[in-house]
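Me: I'd like to learn how to read side-chain features in a model. Can we work through some cases together?

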Amino acid sequence: MARAGVFLKFRASRWVSGLTVGLGILAILICVTSLSRFYSLRSLLVTDTFSNGVSPESQGMTQSEVRITVENVIKKIQQELEEMRELSMKPSESSSSSCSSSMLKFSAFLADILGHIESIHASLPVFEGTCQQSEEIKHIHPLLKPKQQSDEPSSYFLVEEIRKYVKIKPNRLGKQNFMGANGTFTSIGHACFSMKKELEDYMDYDIGDLCQDDWRLAQQLMVHGCDPLPRRRCFARAPQLYSQPFPINKSMWKLPDDRNVRWSKYRCKNFACLANNFTHRGFFKCADCFNLSHHEMPRWIQLVNPHPSSNLTADFLIPDVLDIKPGEIRIGLDFSIGTGTFAARMKEFNVTVISATINLGAPFCETIALRGLVPLYLTINQRLPFFDNTLDLIHTTRFLDGWIDFVLLEYVLYDWDRVLRPGGLLWIDSFFCLKEDLDDYLDVFMMLRYKKHKWVVVPKLDKEDDREVFFSAVLEKPPRPFG
């Protein structure tokens, strides 16, 4: 019995020494792995500062060696645990309660360490020849998959706020939430990866402090496909001397107070400058949009500038369009560049219209809101944030014109068809293009197979040549009962 006790103590001291050495190796591996995870291969290669002297082959070889080393450590700890389990099952050793408790503690400790190492091993990038993913893993929920570098968009960026935002946020209770998801999957536009520097500038701020005055950078990211943008944990800047907006009975047809807009990124610094017809500042298609009293007030209520010979015009009047569906048009969307005049006029007919626009050279969104209407800050790149078959009307003008690609136009029109209810109206207002492109564009509109209520093509007279034409139409979505 004495010899057996001495033998057990000798084995226990050997295990403690081996464990100490193993923990030291583990600490080094964790440091190396953390650095390799933070400074990922792709992050280092895309920046000019760090790319000199770094080759993909050398960087990939280092991470592959780290993975192999971690696998060897896992195997050794698993072997040690197996030996300890076999030793604990022997009758001669079970008589010593102190040794049994020590072995149980060591076993639990090693099992805990093994779990951490296996999680690190799963997060390491997989290189060709080191591991092959089974077919079953492809059907596992993203939270349960072994994470590869391609599954971690956070590893592409260096700014910590972006990395934190795009990572999957598991539910704290460890079960599905009321939406049926195991976590929250915050997303960014795919083009954000090609605008890495701009997005990192946008997300470089102090948490809880004021954001930079960078709305123009944000809009540049959105227009170029980095849409949706990530949320931020800073306070958006507001005008320094914000005043109370005008009451609703005055705000519709009165220019807002200049103090309620941040003018730092615009050439005009007040609304009077924008309303001056001769400045031509801001969006060139809407140079007169801020002239509320003369240019905007008659629109869609009175016919303006009909064709001199045919007396035709591309403008339809709101009362005539609403008479197509008496009492049925209640809610709609205006996808245009403007100051919200269409929504203001529709409000007079008890129709609620949301104005989707962006700030191209002028504060369109702020102006729409200050007039007492609802702006929707939205680019053409994004799917409409409305559910299927919900809107009565979609109106567009000065936006979808002859610049747009035919395939993109099809995607846009199918998305509009998705949100229009059966019997809803699509109002194409003054779409202009070159004469030689007209038939191709009309084919795209006719593919919807909508009922034609109004349809007109007239020459565009604001230029010296006659190469361009206007096209306007009011179309009704069919019911499509067989689906």
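Me: Is Trp-263 buried or exposed?
Reply: Buried means under 20% relative accessible area. Trp-263 has 10% relative accessibility, so Trp-263 counts as buried. Keep in mind that this is a predicted model.

Me: Which residue forms an aromatic pair with Trp-263?
Reply: Look at ring centres and ring planes. Planes over 60 degrees apart count as edge-to-face. Trp-263 pairs with Tyr-266, 6.1 Å centre to centre, with 70 degrees between the planes, which makes the pair edge-to-face. Tyr-266 is buried because its relative accessibility is 5%.

Me: What ties Phe-432 to Phe-470?
Reply: An edge-to-face aromatic pair, with 6.1 Å between centres and 90 degrees between planes. Phe-432 sits in strand S7 (residues 420-434) and Phe-470 in strand S9 (residues 468-476), so the pair ties together parts 38 residues apart in sequence. Phe-432 is buried, at 18% relative accessible area.

Me: How many aromatic pairs does the structure hold?
Reply: The structure holds 16. Ring pairs can also link up into a cluster. One such cluster joins Trp-215, Trp-263, Tyr-266, Phe-271, Phe-290 and Phe-364.

Me: Now salt bridges. Where does Arg-163 meet Glu-160?
Reply: The cut-off is a side-chain nitrogen within 4 Å of a carboxyl oxygen. The side chains of Arg-163 and Glu-160 meet at 3.7 Å, N to O. Both are in helix H7 (residues 160-166), three residues apart, so about one helical turn separates them. Arg-163 is buried, at 8%. Glu-160 is partly exposed, at 38%.

Me: Which residue forms a salt bridge with Glu-161?
Reply: Arg-233, with the closest N and O atoms 2.5 Å apart. This pair links distant parts of the chain: Glu-161 lies in helix H7, and Arg-233 in the loop between helix H9 (215-223) and H10, 72 residues away. Glu-161 is buried, at 10%. Arg-233 counts as partly exposed, at 42%.

Me: Which residues are linked with Arg-421 in a network of salt bridges?
Reply: Lys-325, Glu-328, Arg-330, Asp-392 and Glu-476. Arg-421 is in strand S7, and Glu-328 in the loop between helix H13 (318-322) and strand S3 (331-335), 93 residues apart. The count for the structure comes to 20 salt bridges.

Me: Which residues gather in a patch of positive charge?
Reply: Arg-216, Lys-265, Arg-267 and Lys-269, on the surface. Lys-269 is in the loop between helix H10 (248-251) and helix H11 (271-275). With 45% relative accessibility, Lys-269 counts as partly exposed.

Notes: Residues are numbered from 1 along each chain as its sequence is written. This is a predicted model: local features need pLDDT of at least 70, side-chain atom pairs count only at pLDDT 80 or more; totals for chains, interfaces and linings use all residues. Side-chain values use heavy atoms; hydrogens and water are left out. Patches are made of residues with over 30% relative accessible area and no salt bridge: like charges are joined within 9 Å, nonpolar side chains (Val, Leu, Ile, Met, Phe, Trp, Tyr) within 5 Å. Accessible areas come from the Shrake-Rupley method with a 1.4 Å probe; for residues, only the protein chains shown count as cover. Lys and Arg count as positive and Asp and Glu as negative; His and the chain ends are not counted. The place of a charge is taken as NZ of Lys, CZ of Arg, CG of Asp or CD of Glu. Helices (H or I, at least four residues) and strands (E, at least two) are DSSP runs, numbered from the N terminus. Buried means under 20% relative accessible area, exposed over 50%, partly exposed in between (1.4 Å probe, protein chains only). Rings of Phe, Tyr and Trp (its six-membered ring) pair if their centres lie within 6.5 Å; planes under 30 degrees apart count as stacked, over 60 as edge-to-face and the rest as tilted.
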